[in-house]
Structure formats: C-alpha cells, structure tokens
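Here are my notes for your first read-through. Keep the structure open beside them and find each residue as you go.

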Amino acid sequence: MAILSIVTDDHPTLRKQAHKIKQFDPALKKLAADMFETMHAANGVGLAANQIDRLIRIIVVELTPDPEDGAPDNRA
C-alpha cells in the first residue's frame, strides 16, 4: 500500500465532476486500500478520489460506533 498526495483546496480537480466506475477491478481495489492508508495517515474519517487528484467516483469512510447511541454491545 502507499500513502498518496492529497491536493489542496485550490486544486482544479476538486471542482470537476468525477466519472462513474464501470468495473471494480484489482487496480481499483488497490487504489481503495491506498486511499484508506492515506486517510489514516492524515487522521481523517473519509477521503474521496478527487482529493487525491483522481476523477472517479469512489470514497472511503471509516466510522466508529458511538456508545452513547445505544448500539448493541457485540462483545462475547
């Protein structure tokens, strides 16, 4: 996996429409894994492909359950 460069708010890719994904292939699976690693390195909770200068519609998100929400306790 690799940590990718995140573009800044003045980057033109952030203002363009991303393309739909037609096939989830091994290259896209690797990109998603790299996006997760990049998101973790930046202490984020989500990352869209346009934020790494890719014009495709994919986003990675990682949320942790809030114990205050009354989520069931899955511990054995």
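1. A polar contact is a pair of N or O atoms within 3.5 Å; within protein, one must be able to donate a hydrogen and the other to accept it. Keep that cut-off in mind for the next point. Note also that this is a predicted model.

2. Start with T38. It is found in helix α1, which covers residues 26-41. Its side chain reaches the backbone nitrogen of L4 at 2.8 Å. That distance is to be read against the 3.5 Å limit for a polar contact.

3. Is T38 buried or exposed? T38 has a relative accessible area of 2%. The limit for buried is under 20%, so T38 counts as buried. Set aside its neighbours within four places in sequence, and T38 is in contact with A2, I3, L4, I6 and L47.

4. Now look for charge pairs. Side chains of opposite charge can pair when their charged atoms come close. How many salt bridges does the structure hold? It holds one. K30 forms this kind of link with D34, and the closest N and O atoms are 2.7 Å apart.

5. Where do the two partners sit? Both K30 and D34 lie in helix α1. They are four residues apart, about one turn of the helix. K30 is partly exposed, at 47% relative accessibility. D34 is buried, at 6%.

6. Stay with K30 for a moment. Its C-alpha atom is separated from that of A2 by 9.2 Å. Along the chain, K30 and A2 are 28 residues apart.

7. Next, the inside. Which residues make up the largest nonpolar core? There are 10 in all: L28, L31, A32, M35, M39, L47, A49, I52, I58 and V60. Helix α1 gives the most to this core, with five residues.

8. Take A49 as one member of that core. Not counting residues up to four places away in sequence, A49 touches M35, R54, I56 and I58. Among them, M35 and I58 are listed in the core as well.

9. V45, I59, V61 and L63 make a nonpolar patch of about 420 Å². V61 is in strand β2, residues 59-61. At 44% relative accessibility, V61 counts as partly exposed. The band for that label runs between 20% and 50%.

Methods:
Residues numbered from 1 in each chain as written. Predicted model: local features only at pLDDT ≥ 70, side-chain atom pairs only at ≥ 80, totals over all residues. Heavy atoms only, no water. Patch = residues over 30% accessible without salt bridge, like charges linked within 9 Å, V, L, I, M, F, W, Y side chains within 5 Å. Areas by Shrake-Rupley, 256 points an atom, 1.4 Å probe, with all protein chains shown as cover. Salt bridge = Lys/Arg side-chain N within 4 Å of Asp/Glu carboxyl O. Helix = DSSP H or I, 4+ residues; strand = E, 2+ residues; numbered from the N terminus. Buried < 20%, exposed > 50% of the residue type's maximum accessible area, 1.4 Å probe, protein only. Contact = heavy atoms within 4.5 Å. Core = buried A, V, L, I, M, F, W, Y, C linked by side-chain atoms within 4.5 Å.
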